[in-house]
Amino acid sequence: MATLETSVSEPHAENPPKGARWRLIGPGIVVAATGVGAGDLVATLVAGSRYGYALLWAAIVGCVVKIALAEATGRWHLATGETMFSGWRSLGAWTSVYFGIYVVIWGFLYGATAMTASALPLNALFPALSLNTWAVISGIAGLLFVAFNKYAIFETVMKVLIGIMFLTVVTLAFLVAPNVPAALAGLVPTVPSGAGVYTLGLIGGVGGTITMAAYGYWVNEKGWTTPAWIPVMRLDNRVGYIVTGVFVIAMLIIGAELLHATQTELMGGDRGLLDLDDILRERYGPIVSTMFLVGFFTTSFSSLLGVWNGVSLLFADFVANLRGTEHIPETRDERSLPFRLYLLWLTFPPMLLLLIGRPFALVIAYGALGAFFMPFLALTLLWLLNSSRAPSEWRNGWLSNGLLSAAALIFLVLCVKELVDLF
């Protein structure tokens, strides 16, 4: 019988080792760390500042929904031996057209967003360099790290980053002394007056991005490639999103205690986290403020690294499918030319936006295409995993269908709202 060390070191072991499965956990941590960025910190803080603990239940439901989506993505990869994009392509050419346009526009605009989010705490910690300078440094650092490291090192660094951000935020939540009775009351589903769409946004938004589709690719990069790994994948996925759930709850506690109680408003966007830094500095001193800024940076930079790696894998698979080389692993992995070209696309063209701002037409296209992605993911997973494309024993059961249907409905409502707001 193979030892644990032998099994882990093999790039594509047919079966997981017996016992000690906790030691194999990794891709779930990566997708969770990538999905929770600075924007999610702000959204959860605002939820706490506006409604106190009333929407705590929504944050938990959101994590359950993400567990269902990521599990379905990983199950598709392992049960069929096909990638997510191969599944999409089997549904028709329209999926390739949509994804191709979306991934190019999204990468261009998101690259600038990710670099700026990583630069904000660095600029606050080290103001000698400008915000744009730190943004450029962050983008190039992400490019070099992802381009010259294999998945195993990437996963290890992501675990360290999420460990730092987790400890930072949970420590702050304890420091602000949560109101335990109010928090327990927040576990009962209620929707404050006028907060219906905002509640759906909290359920659907935190931890939900295009990188959820990358989970199956990270599972394969880990060396999990057969249905025998599905139980390990499920454990991995749950651990990752339980960590996310604790993280989100901690941020909501901070918002409820520091902002709701004092009726403090945050600046819009990621810069609102600098307002929180000022409050922490005033109330608890520079050590706590610095600790928060470090957590802010690890949250933002882990998202940047995750996107640089995960979405580049998606793009490489997209190109391999168009070329008809999707069954040759070397055409869609971290060494492939499309992977490296998309890395460059995420890094250098967006630097122009740091200087000139965002063109209106691109912002509209980004919003319209992006609003449709999460319902697209949920609906296509429902389609694929209830069809003959998946082996019968690994098709959706009633629980998966129920959760994915709920996710699709939530994301469709949010999609319509975003489109109405845009146009």
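Contact is defined here as heavy atoms within 4.5 Å. The structure is a predicted model, in which local features need pLDDT of at least 70, side-chain atom pairs count only at pLDDT 80 or more, and totals for chains, interfaces and linings use all residues. Residues are numbered from 1 along each chain as its sequence is written, and side-chain values use heavy atoms, with hydrogens and water left out.

The chain contains 18 helices and zero strands, helices (H or I, at least four residues) and strands (E, at least two) being DSSP runs numbered from the N terminus. Its radius of gyration, 21 Å, is close to the 22 Å given by the globule rule for 423 residues, so the chain is as compact as a globular protein of that length. This radius is taken over C-alpha atoms, and the rule is 2.2 Å times the number of residues to the power 0.38. The C-alpha trace spans about 55 × 50 × 45 Å along its principal axes. Of the contacts with a separation of 6 or more, 82% are between residues 24 or more positions apart.

Of the 423 residues, 56% are buried. Buried denotes under 20% relative accessible area, exposed over 50%, and partly exposed in between (1.4 Å probe, protein chains only). The largest nonpolar core has 140 residues, and L69, W88, I254, L305, W308 and F373 have the most contacts inside it. Such a core is a set of buried Ala, Val, Leu, Ile, Met, Phe, Trp, Tyr and Cys residues joined through side-chain atoms within 4.5 Å.

One of these core residues, W308, touches F339, L343, L346 and T347, among others beyond four places away in sequence. In helix α15 (residues 337–347), F339, L343, L346 and T347 are buried, as are P338 and Y342. The buried residues of α15 pack against α6 (93–125), α7 (131–147), α14 (286–323) and α16 (351–356).

F154 is found in helix α8 (residues 151–175) and counts as buried because its relative accessibility is 1%.

L422, in helix α18 (residues 398–422), counts as partly exposed because its relative accessibility is 24%. Beyond four places in sequence, L422 is in contact with I364, G367 and A368. L422 and G367 are 55 residues apart in sequence, with a C-alpha to C-alpha distance of 7.3 Å.
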